[in-house]
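Here's a quick tour for anyone opening this one up for the first time. Have a look at the picture, then read on.

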Amino acid sequence: MPTVLIVGGGASGALMARHLWERAGGAVRAVAVEPGESFGLGIAYATPEDGHLLNVRAEAMGGFPDRVADFADWLRATGRGDDPKAFVSRRIYGDYLRSLAEPPLAAGALTVVRGLCVGLTETADGVVARLADGTEIFADRAVLATGNEAPAAGAAAESGWSRGAPPAPEATVLIVGAGLTMVDRVISLAAAGHRGRIVAVSRRGLLPRPHAVPAAPPAPLDPPLGRPVSETLAWLRREIARLGDWRAAVDGLRPHFHTLWRAWSADERRRFVRHLRPYWDVHRHRAAPAALAAVERARAEGRLQVLAARIAAVRAEGSGVAVRLRRRGAAAAAEIAADRVVDCTGAALDPARSSNPLLAALLAAGLARPDPTGLGLEVGDLGALVAADGRVSERIFALGPPARAGFWEITAIAEIRAQAAALAARLTAAGSAAP
Ligand SMILES: Cc1cc2nc3c(=O)[nH]c(=O)nc-3n(C[C@H](O)[C@H](O)[C@H](O)COP(=O)(O)OP(=O)(O)OC[C@H]3O[C@@H](n4cnc5c(N)ncnc54)[C@H](O)[C@@H]3O)c2cc1C
């Protein structure tokens, strides 16, 4: 039976497994490899905290591009909620993702192997995965659903995605980054009874914008393709002025984003990430109003300070660290003594510096190469890996975050479910997973 190997059991792995099942039923076998205990949760949905909310309304979080209301329907059917407009906790979304994997698991069409994939080779008629314990898995094709790379752990900082013991209630916590992961962390600290000072630092000090209540529909847009980033931005500004609603314009751009991205040269893509990304992220990846309200509460109570600053130096001091900050526009640097530093800067992008043994092995074997932008692996259509010699793989595909360099906006459920559905169609074409 044709077999598809899925490396990684987060949201992408679960969606891939379900879409293969939707397409082929039991005619294609999926084998998923995941080192963690749970299948389907990954970084985003393993949180046990109810205060960690989805940043998208339930009605848009379904696992299927042609049934986006599926999650809201599941909430109602399972008695977990009946408001499709709600921003539900990510823990509950994790239950939904696990439920998506249940039919193929129960039918024996999906097998989950607990392990870490450390190598993948292509043979004349398939792929062979090697796990850390020496196990080999043979398959026809492979999907890398290895997810977001946590930033390299610094000596002084913990990852914003980690779930270590909370700091002492009076501890000073420095959060590097002011995006959605910072919002999560402020909520976690409050839930743990933290009363100390929190300082969130990012270069521009921008906070995620809130969703509108009620939601407004995206505007139909026709963006110019292959134009410099500066011209595209000028066009977007005109559209925002014309519509009188930035959310409608940003959301209207979303369906065109992949075409826009792929029409830009590597230089323009880099330019977008260097100059526009902070602004794009806070407008495009908006926060649930209740989550932002918790942040505003902490600011109003003087517990949280958000600074636009660069970190100039960090040195150990006592049991904590002393951090030198250069605030935007300030002549002199300031110093903050922090008991804990939390890195909420988001995923590390450069695969050449990845700590994931599989990515390192693929690069070393020449089966993958870094994208010229330095933003991830180079991928072709549907996330097919591009090898060191430029050959586009027929057998190995990156799904979701590892395909970021090729599409940029590919890390949210809306894009992952669309890519998983399209990949499932390709991998099961003519009822066969073989090329
Ligand atoms: C905190 C947070 C909140 C988010 N909130 C939302 C939201 O509200 N709405 C939305 O649409 N999107 C949201 N997203 C974005 C999106 O849902 C995630 O990017 C998505 O969950 C990615 O899932 P993934 O499976 O690709 O990656 P991950 O969650 O990173 O999972 C990857 C899995 O692969 C495994 N793995 C990695 N390497 C190997 C290997 N070598 N061998 C075997 N297994 C391996 C890991 O153990 C891990 O379990 C959020 C993201 C984050 C981080």
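## Around the ligand

Keep in mind that this is a predicted model. Sorted by class, the shell around the ligand is made of 15 nonpolar, 15 polar and two charged residues. Out of these 32 residues, the ones that come nearest are Gly8, Gly10, Ser12, Gly42 and Gly147. As for where the shell comes from, helix H1 (11-24), strand S2 (29-34), helix H2 (42-45) and H5 each give two or more residues to it.

## Helix H10

Now for H10, which covers residues 289-300. This helix has twelve residues and runs 16 Å from first C-alpha to last, close to the 16 Å expected. Which of its residues are buried? They are Ala291, Leu292, Ala294, Val295 and Ala298. Looking down the axis of H10, you'd find these buried residues within an arc of 150 degrees, so they line one face of the helix.

What do the buried residues of H10 pack against? Their partners are helix H5 (180-191), strand S10 (198-202) and strand S11 (304-317). On the face turned away from the buried side sit the exposed residues Ala293 and Ala300. After H10 comes Gly302, with a positive phi near 80 degrees.

## A spot in helix H8

Last stop: Arg262, which you'll find in helix H8 (residues 257-263). Arg262 has 14 other C-beta atoms within 10 Å, so it counts as partly exposed. Follow the sequence from Arg262 to Phe407 and you cover 145 residues, yet in space the two sit 6.8 Å apart, C-alpha to C-alpha.

Note on methods
Residues are numbered from 1 along each chain as its sequence is written. This is a predicted model: local features need pLDDT of at least 70, side-chain atom pairs count only at pLDDT 80 or more; totals for chains, interfaces and linings use all residues. Helices (H or I, at least four residues) and strands (E, at least two) are DSSP runs, numbered from the N terminus. The expected span of a helix is 1.5 Å times one less than its number of residues. A residue is buried if 20 or more other C-beta atoms lie within 10 Å of its own, exposed if 12 or fewer, and partly exposed in between; C-beta atoms are placed from the backbone. The arc is that of the directions from the helix axis to the C-beta atoms. Two residues are in contact if their C-beta atoms, placed from the backbone, lie within 7 Å. A residue is near a molecule or strand if its C-beta atom, placed from the backbone, lies within 6 Å of it. Ala, Val, Leu, Ile, Met, Phe, Trp, Tyr, Cys and Pro count as nonpolar, Asp, Glu, Lys and Arg as charged, and the others, Gly among them, as polar.
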